[in-house]
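Okay, thanks everyone, let me get going.

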Amino acid sequence: MKYYISDLHFFHDNIIRFENRPFKDMYEMITSMVERWNETVTPADEVYVLGDVFFKVKDSRQCVAIMKALNGTKYCIRGNHDKWLRNETIVSKFASVKDMDYIKDNGRMIMLCHYPMESWCARSHGSYMLYGHVHSNWGSISRALPNRYNVCCEVLNYRPHTLDELIVDDMDYKNKPGSPRINGEAHQRESEE
């Protein structure tokens, strides 16, 4: 099975405060996120991490230990905080590292990038676009395009999700009372402004 997540920011103390993450400190955050990951992902699964895995790496051995602890085969899409990619020891724990990628998931084409895009290959033919970078500060504008999903860990309850889970979560959001209606009048008005 394929899973997706972004912006883990392991070893970033301030991300807890910046994003109001529900952890008392960095160590609790790392422990909890590894547990949630492994409750979801089996060793046979694949996980695409769409950037910002680690932040300000001081000891590559700690990064390697986390990578070994996380279930599944891991693929990295480079993010803006991924300076650790200069360290071959850490990089070797990923099956691949790319700036962006197109993959197929159960016959569905997916564009993977750290940054949200307005347009991507085969968008008008039903392809999907998964992105990170914006954390929880994405608002309704990021949901304005069909088949485009934020996979930042803050909006996924700190565990990887499948494409099907992302689709269901998005439908639940759009059908919630008070949420902006994305396809229809509300989207039309936004595009005219």
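**Fold, cores and rings**

So, the protein chain has six helices and eight strands, where helices (H or I, at least four residues) and strands (E, at least two) are DSSP runs numbered from the N terminus. Keep in mind that this is a predicted model, where local features need pLDDT of at least 70, side-chain atom pairs count only at pLDDT 80 or more, and totals for chains, interfaces and linings use all residues. Residues are numbered from 1 along each chain as its sequence is written, and side-chain values use heavy atoms, with hydrogens and water left out.

Going along the sequence, the pattern reads β-α-α-β-α-β-α-β-β-β-β-β-α-α. Take contacts, meaning heavy atoms within 4.5 Å: among those between residues at least 6 apart in sequence, 57% join residues at least 24 apart.

How much of the chain is buried? Of its 193 residues, 50% are, with buried meaning under 20% relative accessible area, exposed over 50%, and partly exposed in between (1.4 Å probe, protein chains only).

On to the nonpolar cores, which are sets of buried Ala, Val, Leu, Ile, Met, Phe, Trp, Tyr and Cys residues joined through side-chain atoms within 4.5 Å. The largest has 45 residues, and those touching the most other members include Tyr4, Phe10 and Phe54. Helix α2, residues 26–40, gives the most to this core, six residues. Another core, of eight residues, lies apart from it, with Trp120 and Met129 among them.

Now the aromatics. Rings of Phe, Tyr and Trp (its six-membered ring) pair if their centres lie within 6.5 Å; planes under 30 degrees apart are stacked, over 60 edge-to-face, and the rest tilted. That gives six aromatic pairs. Phenylalanine 23 and tyrosine 158 are edge-to-face, because their centres are 5.2 Å apart and their planes sit at 75 degrees. This pair links distant parts of the chain, 135 residues apart, and both phenylalanine 23 and tyrosine 158 are buried.

Tyrosine 48 and tyrosine 75, on the other hand, are stacked, at 4.6 Å centre to centre with 10 degrees between the planes. Tyrosine 48 is in strand β2 and tyrosine 75 in strand β3, so the pair ties together parts 27 residues apart in sequence. Ring pairs also link Tyr4, Tyr48 and Tyr75 into a cluster.
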